[in-house]
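A short briefing follows, grouped by topic.

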Amino acid sequence: MKNTLRKIVRSTQQTVEKRLQPSVAKAFKHAKAEGIFDYSWYKEHYGQFPHELAAFKDYQSKSTSSNVNPSAQFDTEYYLRSNVDIYLQGEAPLTHYMYHGRHEGRASSGVISRWLPASELLAKDSATWKQQKIAIVLHIFYPDFVKKFAATLSQFPTNIDVFVTAASPSIEKAAAQTFKKLRKVNNVFTVVSENRGRNFGPFLVHFGKELLNYDLMCHLHSKKSLYSGREQTQWFDYLNNFLLKDKHVVKSVLRLFNDNEALGIYYPTSFWMMPAWVNHWTCNKPFAQPFVDNWGLDISDNFLNYPVGGMFWARPKALAPLLSEEYTYEDFPAEPLPNDGSWLHALERVLGLLAEKQGYKQFFYYPPQGKFTTDKTYISSSYYKSPESLLGDLQNFDIVSFDIFDTVLRRQYIAPDYAKLKLGKALVKEGVVTSAEAFVAMRNNAELECRKAQNFEGDVSIFEAYTQLSHALNISESEASKLAEREFHYDLAMAMPKDEMVKIVHELHAMEREIWFVTDIYYTRQQIEKMLRKIGIAIPFKLFVSADIKKRKDAGTMWTHIKSLTETEGKSFIHVGDNVRSDAQICGDFGLQNVHILNPMDKWKIAGFDIPALDSEQDILKWGPLISNVGRYPFFGE
Amino acid sequence: MLKNISLYDFGYNFLGPVLSRYVSVVSEKLSQLPENKKVFHLAREGYALEKAFDHVMPNNVPSAYLNVSRVFLFRIMADVDASWPLSVKHGFSGTLAQFLHARFAFSQQEIDTLVSGEQQEKTLVLPDDYNNVCSILKACQHKIRELVKPTRDVYLRYLDTLGFAHHDVTPVVLDVGYSGTIQKLLTLLVEKEVHGIYMITTQTGSVALGGNNAHIDHVFKTDVKMGGGYTLLDRSMFLEALLTAPNGQFVDIIEDGNTNTFHFCYGKKTYTQENFSDLDTVLSGALSCVEHAHNHHIHYSLNDIETLFAAYVTQRNLLPRASWPLFVFDDAISGEGNVNPLSFFGL
């Protein structure tokens with residue numbers, strides 16, 4: 001009887017909503033008839049809804065910012081990535097596809113499996129999950145976010161206390177008045193913050209210790225970016241959806257925390273429209289040293305799991321070393337802060353590591369699958385790309401530039417110093433040196449000495465390094481020069497193509513794209529040409545070698561040079577490389593388009609393997625080929 | 001997609017370390033066995049094992065590929081009481097006729113000569129009806145013997161030509177695993193001690209069979225059961241799908257009338273067997289790893305191979321697209337037909 005009544009109410013509700021929103025109802029009717037919106041599929045992935053139209057509206061609302069899918073027939077992320085104008089205009093992708101996109105021949109696809117969590121956390125109901133003491137911690141810089149947060153909090157499933165750090169007295173006043181009226185809000189604590197410490201500083205200064213009295217805390221902050229002259233809030237909307245707004249997700253998060261004491265911090269997987277390398281340390285490791293010293297964190301990995309954007313749920317005791325400290329605003333770096341590379345950027349990155357160090361696990365929500373998991377390999381989903389898709393991305397540019405080592409060329413045994421070690425072993429046999437390892441150290445030190453002598457400006461060639469080494473080895477410069485050639489030939493012998501990448505180079509050339517190679521390396525231009533020939537690149541290209549032209553990518557001098565050339569030629573340009581800093585971030589800082597590909601070591605690590613030390617020849621021979629094979633194609637989706 | 005390099009590199013990483021550890025430990029274990037030993041690589045996984053074995057010990061120990069299958073041995077020994085605990089006890093549900101066909105590969109015509117039409121329709125559930133089935137087999141034991149003995153005699157002569165049945169040879173069988181049914185049946189058949197060294201076993205140790213022992217040993221793990229959480233066993237379908245000979249299941253043997261040779265008959269081929277060049281490329285990569293490891297004294301620990309295996313069989317995107325069609329294999333004993341582990345495990 002109760003169920004029948006519920007069905008009648010829901011059906012009536014749906015009928016009323018259809019009449020009130022005829023355009024949505026029409027889109028729903030079309031999408032359902034064509035099977036591109038599948039109610040059963042959607043419920044299976046994203047929870048229960050009162051009726052079909054409610055589920056459709058849920059999808060429409062989320063899909064402007066989030067990579068949820070309406071059915072197996074339509075991949076939201078693929079459509080928005082392929083048609084960035086739709087993303088930037090904030091249009092609902094499925095409606096656009098149905099009414100316009102497919103008639104305009106825009107790219108679309110059925111659901112793509114970019115990543116599948118190896119394990120799944122299932123939320124269980126219990127009598128206690130609503131009893132958890134919860135603090136919602138908001139930092140509000142933009143006044144319009146007061147209403148936005150209030151709308152979300154009014155739907156929150158349990159009672160909460162709200163802590164607000166406001167950028168101005170007027171925001172503080174509005175927040176206090178608005179949040180106090182909300183049914184689920186027990187207490188509201190507000191302060192006006194100083195413009196220092198971005199979103200973290202204010203709550204650490206004012207509320208840090210107090211938060212330790214709660215079972216759970218959730219931190220969000222108002223976030224906008226300007227792009228194409230329009231305010232973009234998709235990143236915030238994505239995080240807000242899966243931290244505070246989506247009832248199914250929020251209830252599941254609270255239940256999972258309640259049911260599993262080992263879970264310490266939660267956030268949705270990194271925003272899908274960020275650069276693929278967003279989970280990399282980039283230039284922030286030096287700023288993380290205090291956290292290593294004080295908390296004993298291990299920051300040796302290049303990629304890491306952290307709440308990108310600084311918004312998360314946590315068990316305060318999992319962050320106790322951070323929250324229990326006494327802070328003043330002076331503890332935080334003053335504005336203006338750089339876009340990247342600061343103590344605050346490092347702090348954002350260590351939150352997950354801190355929770356783990358405290359003995360807790362991180363868990364995540366992956367919207368395309370609608371699953372919670374502790375599987376940290378989700379980073380690989382940002383690096384899912386088939387060779388065909390990569391070619392498609394690159395063919396839109398007049399000039400396509402490639403890094404060389406670990407981009408189009410791989411070393412059989414991965415370790416860059418193995419050629420030096422091989423030479424060292426040969427020199428031991430010849431009685432020139434007594435230890436191969438000591439030779440490698442001397443050889444590298446000679447190169448460093450040359451760099452020091454040049455105040456780390458420009459670059460050093462292998463011949464300059466060996467001239468320097470000749471003093472230590474007590475050999476003539478011409479003998480040193482021969483050793484330099486021998487080292488090169490050991491490396492040449494181990495150079496292999498990254499086959500898919502070499503094929504893409506050839507295909508781009510066949511499409512009459514200009515091919516450039518840009519590399520930071522101590523080899524000469526002639527040596528690099530030999531290497532490229534060995535790996536099967538036999539097309540015309542322009543070659544920029546740092547040791548040859550004394551400009552480097554990592555110093556930015558190479559990119560200044562490249563940028564001026566592309567501007568002179570008036571051609572579009574894109575660069576492909578494996579180094580997050582020099583090939584992607586710094587390149588991008590110069591306004592140059594780029595595609596970051598995975599270094600073999602990083603791909604190996606992201607796939608879930610431990611990085612071997614590679615400090616002995618046995619280890620190099622054992623692990624080198626395996627890593628080289630995994631890294632041959634620099635994305636997942638080979 | 002560059003199929004060849006993709007499959008080669010995948011073979012190096014996925015199969016290479018597994019084969020390398022297996023054959024290197026096997027070579028250590030063989031050194032503990034009697035001098036007169038001869039190694040037999042059991043069909044069909046033995047195709048790859050033989051090649052890996054030859055890389056590590058080309059001349060030290062004689063070895064041969066052995067055409068064999070559980071169903072074939074069940075059939076040619078269906079009249080031997082001592083074989084029934086091995087052939088009949090395995091789970092089954094259906095009519096007696098279906099059982100005789102599925103387990104012993106008897107044709108309908110043969111079944112008609114063994115049991116009445118009424119008996120054929122009787123339903124049975126194994127292992128619960130084990131004694132009942134044994135009574136039925138006992139009742140028609142002579143008729144069964146007439147059917148199977150000629151083939152058994154041919155197979156024994158085949159075993160003799162390989163040296164397996166020779167009195168001064170100690171046969172050692174190599175295979176992936178698990179309970180050593182084929183080894184046990186061979187022990188009964190040739191009436192002598194047979195050793196077996198497997199990757200994984202359900203139980204390592206010696207089993208007495210008709211007055212002789214089957215000595216079962218393992219390289220990776222023992223005392224594990226399917227579904228018990230040991231990934232190498234639970235997802236061994238991925239391994240078995242790749243470790244296969246180019247032909248289907250061994251079903252019969254015919255003696256050539258003019259020479260002292262034999263004709264081997266095989267069943268339906270899987271996709272992988274029909275496209276064997278792809279599988280051969282995977283195997284080439286794996287063997288390159290085995291050779292490299294052997295030449296440079298590289299040892300993969302059990303933890304190394306378990307970690308590598310687990311990563312590949314739980315992450316769809318680590319398995320190259322070119323390899324996906326290869327993960328199909330036929331599971332004759334369970335009667336499940338062709339199984340694709342990618343679908344089976346929801347990858």
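Glu325(A) lies in the loop between helix H15 (320-323) and helix H16 (343-357) of chain A, where helices are DSSP runs (H or I) of at least four residues and strands (E) of at least two, numbered from the N terminus. The model is predicted, so local features need pLDDT of at least 70 and side-chain atom pairs pLDDT 80 or more, while totals for chains, interfaces and linings use all residues. Residues are numbered from 1 along each chain as its sequence is written, chains are lettered from A in the order written, and side-chain values use heavy atoms, without hydrogens and water.

**Surface charge**
- Glu325(A) is partly exposed at 43% relative accessible area, a class lying between buried (under 20%) and exposed (over 50%), with a 1.4 Å probe and protein chains only.
- Together with Glu194(A), Glu330(A) and Asp331(A), Glu325(A) forms a negative surface patch, which requires over 30% relative accessible area, no salt bridge, and like charges joined within 9 Å.

**Salt bridges**
- Over all chains there are 56 salt bridges, each a side-chain nitrogen of Lys or Arg within 4 Å of a carboxyl oxygen of Asp or Glu.
- Glu356(A) and Lys376(A) form one of them at 2.7 Å, N to O, and this pair links distant parts of the chain, 20 residues apart.
- Glu388(A) and Arg321(B) meet at 3.1 Å, N to O; because Glu388(A) is in helix H18 of chain A and Arg321(B) in a loop of chain B, the pair joins two chains.
- Glu507(A) bridges to Lys503(A) at 3.7 Å, and the two are about one helical turn apart because they lie four residues apart in helix H23 of chain A.

Technical notes: Patches are made of residues with over 30% relative accessible area and no salt bridge: like charges are joined within 9 Å, nonpolar side chains (Val, Leu, Ile, Met, Phe, Trp, Tyr) within 5 Å. Accessible areas come from the Shrake-Rupley method with a 1.4 Å probe; for residues, only the protein chains shown count as cover. Lys and Arg count as positive and Asp and Glu as negative; His and the chain ends are not counted. The place of a charge is taken as NZ of Lys, CZ of Arg, CG of Asp or CD of Glu.
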